[in-house]
Amino acid sequence: MKDKRKVDGNSKDEQLEQFRTEDQGKELTTNQGVKVSEDEFSLKAGERGPTLMEDFHFREKMTHFDHERIPERVVHARGFAAHGEFELYESMKDYTAAKFLQKPGTKTPVFVRFSTVAGSKGSGELARDVRGFATKFYTEEGNFDLVGNNIPVFFIQDAIKFPDLIHAVKPEPHNEIPQAASAHDTFWDFVANNQETAHMIMWHMSDRAIPRSFRMMEGFGVHTFRFVNEKGKGHFVKFHWKPKLGVHSVVWDEAQKINGKDPDFHRGDLYESIEKGNYPEWEFGVQIIDEEDEHKFDFDILDATKIWPEEDVPVRIIGKMTLNRNVDNVFAETEQAAFHPGHVVPGIDFTNDPLLQGRLFSYTDTQLLRLGGPNFHEIPINRPVCPFHNNQRDGFMRQTINKGQVSYHKNSLWNNTPSTVGPKDGGYQHYQEKVDGRKVQARSESFQDHFSQAAMFYNSMSAPEKKHIKEAMSFELGKCKSKDIRQQVVDMFSHVNLEMAQEVAENIGVTPPKSGGSEISKASPALSQENTTKVPDTRTTAVLLGEGFNGSEVKKIVEGLEDKGIEPVIISDKQGKVKAAKGKDMEAEERFDTADPVLFDSVYVVAGVQVDKKFRQNASYYLQEMYQHFKPIGATHEGEQLIKENEMADQEGVITEKDPDSFVTRFVDAVAAHRYWGRKVD
Ligand code: HDE
């Protein structure tokens with residue numbers, strides 16, 4: 001049988017194959033290859049005597065175990081990754097010499113790691129946080145890493161402030177509280193004292209920071225990069241990933257509960273989707289600005305706290321990425337993956353964005369510690385798929401056996417090889433930007449406007465999204481013990497939107513700012529999740545099924561939902577067979593207590609003629625939670641009675657139907673709609 005993890009024609013997969021090993025069915029040996037006869041009892045001097053040091057198997061086993069951990073990433077520690085491929089739709093030849101962007105149809109293997117930023121490796125995945133979206137393209141010309149986030153701007157403008165930002169957001173040093181949360185004094189103290197954070201904070205307080213799924217997030221390169229074509233001409237470029245399933249989020253109450261019920265919710269969702277063959281897809285887009293237009297905008301295009309509004313600089317979709325293979329081993333692949341924004345290929349170059357410039361140093365530096373030395377590029381996941389030759393040698397854990405006498409340049413013994421290669425033959429040449437300036441520690445005047453785009457972001461939000469931002473700010477600041485910090489922050493955000501700042505101030509017990517506001521009326525509709533793609537595909541439905549249900553009709557409905565790409569999961573008071581009154585019995589995969597409403601996108605309640613009081617109570621809990629979280633609710637048969645008992649019959653997004661076919665049609669539309677914000681909730 002074909003191993004479903006194997007993808008034909010994927011050069012990275014072929015390369016990894018030589019490092020994979022199968023242990024199943026094999027004999028146990030030591031690392032030296034000696035067969036082991038005893039793995040239960042250590043060697044002792046007598047059955048009740050002391051363990052002997054000469055038991056080499058025991059020593060090796062224990063030593064390896066003692067050394068199994070490496071330092072977690074200082075940021076983005078909690079992450080999950082998958083393999084896939086990128087396919088080009090449209091040639092970028094006019095803009096870049098990058099080989100993987102020349103010929104439509106070219107496929108490039110990729111490895112993508114998603115992550116939260118602040119939390120430790122074991123923290124809950126539904127933290128209110130930025131998500132990392134790091135992609136390694138294994139191109140024929142070497143690795144290109146697009147180490148991005150799901151938010152297109154950043155908190156700070158200069159990399160020198162990154163350690164301060166991270167110290168502020170991480171758990172506080174005196175008590176290591178709170179884990180994976182920005183809702184504490186030091187973070188907001190940093191915000192108030194570093195007002196360049198304003199725009200990013202608006203995104204961070206928005207629904208973007210609590211995504212429904214990694215599969216439903218956008219990704220952004222954030223910085224302005226440079227495309228350089230064969231003739232050496234440069235263009236400014238920003239990179240975008242657009243998810244085929246649209247951009248969707250959960251609500252905050254739900255996020256917090258998911259963290260308890262299933263802290264692996266996001267990785268589980270990605271893993272399962274790939275295992276089922278529902279491969280997540282993103283389209284790849286570029287925004288391009290001519291060099292001549294560098295100064296034509298009312299912001300500095302090198303400032304990473306600014307976006308290029310899509311309405312002003314359209315996103316050109318040039319390709320598609322599909323994630324189609326889970327890793328074989330999380331440590332070997334995901335944990336040891338070393339991303340670096342400085343991993344570029346000919347045709348892609350940097351700009352003077354001071355945030356990007358600093359990152360170019362930090363990423364190698366961190367791998368030296370985390371992966372233990374300078375040979376991390378030899379770890380299978382990090383190897384390029386093209387050959388690599390140079391005079392770098394030795395160091396901890398060196399694996400390559402470089403043959404021969406010469407390890408220096410220039411040389412005559414080997415006729416100056418490995419030889420350098422001119423740009424015509426694919427040698428990387430740095431863009432010859434003319435630079436002229438004094439050495440100063442300063443920031444350009446053009447980086448000083450911190451509030452206009454923050455205001456534009458708020459203007460672009462729909463009413464429910466604005467409400468969520470205010471609630472998020474009230475929550476976060478409400479968790480700050482210092483009233484002074486709360487006050488400073490609302491005063492700061494009065495420059496973004498006065499009404500917003502006033503409402504938050506009222507909630508958190510500080511003085512509402514009297515003046516402020518923004519003159520910016522511009523909005524960018526592309527920023528609102530209200531305008532995103534809405535499809536039912538891969539959405540989950542909790543089907544609440546009890547004894548005595550109408551077997552034939554319910555089966556038809558469940559199959560009808562599956563036909564439309566929805567994933568129903570049958571839940572009852574017991575796992576296993578649920579008896580039908582007529583037609584076939586069905587199997588419950590979960591019980592009310594092994595599942596939870598926060599883990600599903602929607603609920604369909606059937607009940608049954610024989611359900612008892614406990615079932616009705618459980619079903620009502622599911623309905624209430626779904627209702628409070630604005631999720632689609634459907635009911636047929638005895639389930640309709642439960643809708644009435646819970647007084648939901650007239651609410652939006654609540655579908656009750658007698659006819660199975662029309663129930664399926666209406667319910668599928670409701671699931672695609674994602675949430676019903678117009679509902680009255682307490
Ligand atoms: Fe990172 N960042 N970062 N970052 N970053 C790291 O590198 C850093 C920034 C991002 O899945 C670290 O290998 C500095 C922006 C992602 O393995 C570290 C600055 C963006 C990941 C580091 C930034 C990112 C990291 C920690 C300020 C979006 C996870 C472990 C200039 C464009 C990659 C590691 C993965 C990881 C430094 C800012 C994205 C310490 C100094 C802006 C997705 O090197």
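**Exercise 1.** Find how helix 14 and helix 17 pack: what is the angle, and how far apart are their axes?

*Solution.* Start with helix 14 (residues 551-563) and helix 17 (residues 660-673), which pack at an angle of about 35 degrees with axes 9 Å apart. Helices here are DSSP runs of H or I with at least four residues, numbered from the N terminus. Axes are lines fitted to C-alpha atoms over the stretch in contact, and angles run from 0 to 180 degrees between N-to-C directions. Before going on, note that this is a predicted model, where local features need pLDDT of at least 70, side-chain atom pairs count only at pLDDT 80 or more, and totals for chains, interfaces and linings use all residues. Residues are numbered from 1 along each chain as its sequence is written.

**Exercise 2.** Which residues of helix 14 and helix 17 meet?

*Solution.* On helix 14, look for E553, K556, I557, G560 and L561; they meet P660, F663, V664, F667 and V668 in helix 17. Contact means that C-beta atoms, placed from the backbone, lie within 7 Å. Next, sort them by class: 7 are nonpolar, 1 is polar and 2 are charged. Ala, Val, Leu, Ile, Met, Phe, Trp, Tyr, Cys and Pro count as nonpolar, Asp, Glu, Lys and Arg as charged, and the others, Gly among them, as polar.

**Exercise 3.** How many residues of domain 1 are in contact with domain 2?

*Solution.* First locate domain 1 (79-202 + 211-382) and domain 2 (454-530), with bounds from an automatic or database domain assignment. Then count: 20 residues of domain 1 are in contact with 21 of domain 2. Finally, see that helix 4 gives the largest share of the domain 1 side, 5 residues.

Methods:
Contact = placed C-beta atoms within 7 Å. Helix = DSSP H or I, 4+ residues; strand = E, 2+ residues; numbered from the N terminus.
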